Structures are given as structure tokens and as C-alpha cells.
Amino acid sequence: MTLTTTTPRLDAGWLLDLLDTRPRGHSLPGACYSDPAVHELDLRLIWQRQWIFVGSVAEVPEEGDFLSIDLGSASVVVLRDDDGRLQAFRNVCRHRGSRLVTESHGCVGNIVCGYHHWTYATDGRLLHAPQLPPTAERAALGLRTVHLREVAGLLFVCLAAEPPGDIEDVARVVAPYVAPHALDRTKVAAQTDLVEHGNWKLTMENNRECYHCDGHPELLCSFFPTWGLADHQVPERLRADHDRYLLAQVDLERRSEDLGLPYALVEDLGRPVGFRLHREPLDGAGESFSPDGTRLVGRLLGDLPDARLGRLGLHTQPNAWFHAQADHVVTFAALPVSVDRTLVRTTWLVHEDAVEGVDYDVASLTATWRATNEQDAAFVALTQAGVADPGYEPGPYSEAEEQVEAFVAWYDARIREEAAR
Ligand code: FES
Ligand SMILES: [Fe+2]
């Protein structure tokens, strides 16, 4: 008898066959969202190979501050060392493997394993290992490092030995858009963790379209009613709203130019670090995600002198999206928990000198996206139930779902590319 090291179903071939059955412009087969074997392949080929957004510098401002995130069974700690540099490590003790850090955020002098008290410096060096023979090679027993890349204050990690190199190209494009919002001078005003009852791809797909935005009454105060529609897709009843949007767009482009802020839409969703970047007007006063569009934080970010800068929307594949206004930034990280559970971590960043109760009120600041997240979680849960039903057949995307198709095509391409490596 021959022993094989891979379970046959974890060979990616059958997933490629499954993906072959998808006509372009249609949703994925049900197994892609509900089969644990697909999820294992997703973890291996996407989550352990691509650049994953994990948080921002505002979450680890001081020496010893850390954040930890789980990507399936892998866990990563991002830590600011005693010299102020950010590092990322496997959250695994070099002795017998105990998980080191169990909190999502915290501050440490050293990292001390709770099991036998091996102690690591904030730069990952093994400092202390009780009763380890003097012959042991302590220098080789530091924490295993993980690739970490900061892009204008946004932190990405990659578990692959050789991460996709195009993050450098993407960073060059993205950084000038995000930099004026000065994330290195922000603080966390609020953070929520919401577990959606759906596969991570459903969470991302739901985020890539506003076809369902009728289900978001709070958000619709901020987005123009024709958001995401091309000129020829605008129904007659929304023509006046669309004209208003076009005027606001011209005005915002001029304001951005005056301040030297990059404005043009950049969309490059097909590459390994697929991304989309767009500054666009918000409805009402055009300043922030409030019911009337006025700012939610009195103190503007960085050195921005103009509150009416609409929304800088950024999306990075596979797992993040961002909204940066003049007064605050919201970051969203989607992280897989299981085949049908996805953690959505939402973080509201305000100027580091903004004072709660004076410059902002947390309930008002977070109201729109807390409500929108709950609504999205409900849509995702209903979709998960449906795509796991034997009665589900992949359906055609509407014209307003181009970016869903782009996301699914990206997933398809990465699975094929990574399976061939
Ligand atoms: S497993 Fe960490 S000290 Fe033993
Ligand atoms: Fe939504």
C-alpha cells in the first residue's frame, strides 16, 4: 500500500474543475462557499499566499503594542518593537508551539509564553528559556518572522515565503491617496468585531456592489442614489439625482486639485494585490457619513484644511475596504473563521488630538457603519443559507455587479496560479 501525504480532495484539481463550470458573469458554484475542502484550499492558496490587511498603525502606536489576527489555523502577531519598528511574527512558541498571544490587542514588555515561560524580546529574539541546556542554539530560536508591509499607515502581512512582489507597485499608487489622511497621526476611536454567518467570499462579494443598497437606509443618506451606475444605467426617475452627483463630482475634483490631492479613479483588480481607489463626492454637505453629510469629527485629519472632501474609497483583495473622509477613516478587514463564518473588523480612526465628547461622539461617529454592517451581515447570512441549499444554481450578475465579477475572476485566477506553483 502506498501512503500519500495529501488528502485527495485537498488536491486543487477538483476545485479547478468546479471553477471551470462557472460561466463568466455568473456567481460561483455552491461548494465554493460551503464545502470545508474548498475552505482548506482557500486558506492554503489565498490566505497563506496573498497580502492580507490586518490593521493600521493607529492600533500599535507605542513600543510593545501588538495586534494579533487569525487566518484559519495560522495566527500572526504584529508588534512595535522597543526601537519603534513594526515586526510581524508567527504567534507560535519556539519551544513546543504554544500560542503566545491570545488577545487581539495589547501591550507587552517582552512576550512570555504562558506554558514554560520562554521569553522573547519585542524584536523576536529568545531572551530566556529556563533550564534549556547551554548547548542549545538560542540564537536560532527567535520567533519566526512574517512579511509585513506598511502602506501609508495600513498594515499588510503575507505568510508566503515569497510574497507577491506587486505590492510595491500598488503601494506607490495607493500611498499618495491615503497619505494626506495622515494615519500615523490618528487614534482608534472605536472598533467592532462582527462575525458574519457566511463564507469570506460572500462577505467580499456583498461589499463589491451597491445593487442591494436599498437595504441600507442610513448609508443612502451619504451615497448618491445613483452610486455605482454608469450614465447609461441611470433610470429616468434618478436623472436629477445623477445630475446633482455629476456637479458634486466636478466640484470635488476642483477642491482636490486645489489641495494637491490625487483624484483619478485607479482600478487594477486583476493583479495579485488587486485594488481599486477612488475619491468621490458624498451626498448632502459632502463631508462625512452623517445623516446630513456634515462632519462627524471637529478636528480634521492631518493638515487637511477642507472638510468637504467626500470619500476616498479603497478596496484591496482579498480582504479589505476603506473609507477616508476629511474627518475620519474607517477600515474594514474580513478574516475567515470557518467555511461559513467571517469576522468583519471595523475600525474608526480620528485625529490623535481629537477629544471624545468634545470633537466627536462615538455613537454618532459609528452609527452609519454599525447599522450598515448589521444589514450586510443579514444579507450575507441569507445568501450563505441559499448557496448551501441543493436547490441553488449560479445566477447571472447584473450590470451593477461588475466588481463582483472582477472579484470572483480574481479568486479564480489566484487559485489557478497558486495551485500551479
Ligand atoms: S511551549 Fe512555550 S515555553 Fe514551552
Ligand atoms: Fe451592503
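At what angle do the axes of helix 5 and helix 7 cross? This is a predicted model, in which local features need pLDDT of at least 70 and side-chain atom pairs count only at pLDDT 80 or more, while totals for chains, interfaces and linings use all residues. Residues are numbered from 1 along each chain as its sequence is written, chains are lettered from A and ligands numbered from 1 in the order in which they are written, and side-chain values use heavy atoms, without hydrogens and water.

The axes of helix 5 (residues 200–207) and helix 7 (residues 362–387) cross at roughly 125° and come within 10 Å. Helix 5 is therefore oblique to helix 7 (angles under 35 degrees count as roughly parallel, over 145 as roughly antiparallel, 65 to 115 as roughly perpendicular and the rest as oblique). The crossing of helix 5 and helix 7 is right-handed.

In this contact (heavy atoms within 4.5 Å), Leu202, Thr203 and Asn206 of helix 5 meet Asp376, Phe379, Val380, Thr383, Gln384 and Val387 of helix 7. The residues of the contact comprise 4 nonpolar, 4 polar and 1 charged.

Asp376 also takes part in a metal site: together with His212 (NE2) and His216 (NE2), Asp376 (OD) coordinates the iron ion (ligand 2) at 2.0 to 2.1 Å. Along the chain, the donors (N, O and S atoms within 2.8 Å of the metal, or 3.2 Å for Na, K and Ca) follow the spacing H-x3-H-x159-D. Both His212 and His216 are buried, meaning under 20% relative accessible area, with exposed over 50% and partly exposed in between (1.4 Å probe, protein chains only).

Helix 7 also holds Ser364. Because its relative accessibility is 37%, Ser364 counts as partly exposed.

Notes: Axes are lines fitted to C-alpha atoms, for helices over the stretch in contact, and angles run from 0 to 180 degrees between N-to-C directions. Helices (H or I, at least four residues) and strands (E, at least two) are DSSP runs, numbered from the N terminus. A crossing is left-handed if the near helix is turned anticlockwise from the far one by less than a right angle, and right-handed if clockwise. Ala, Val, Leu, Ile, Met, Phe, Trp, Tyr, Cys and Pro count as nonpolar, Asp, Glu, Lys and Arg as charged, and the others, Gly among them, as polar.
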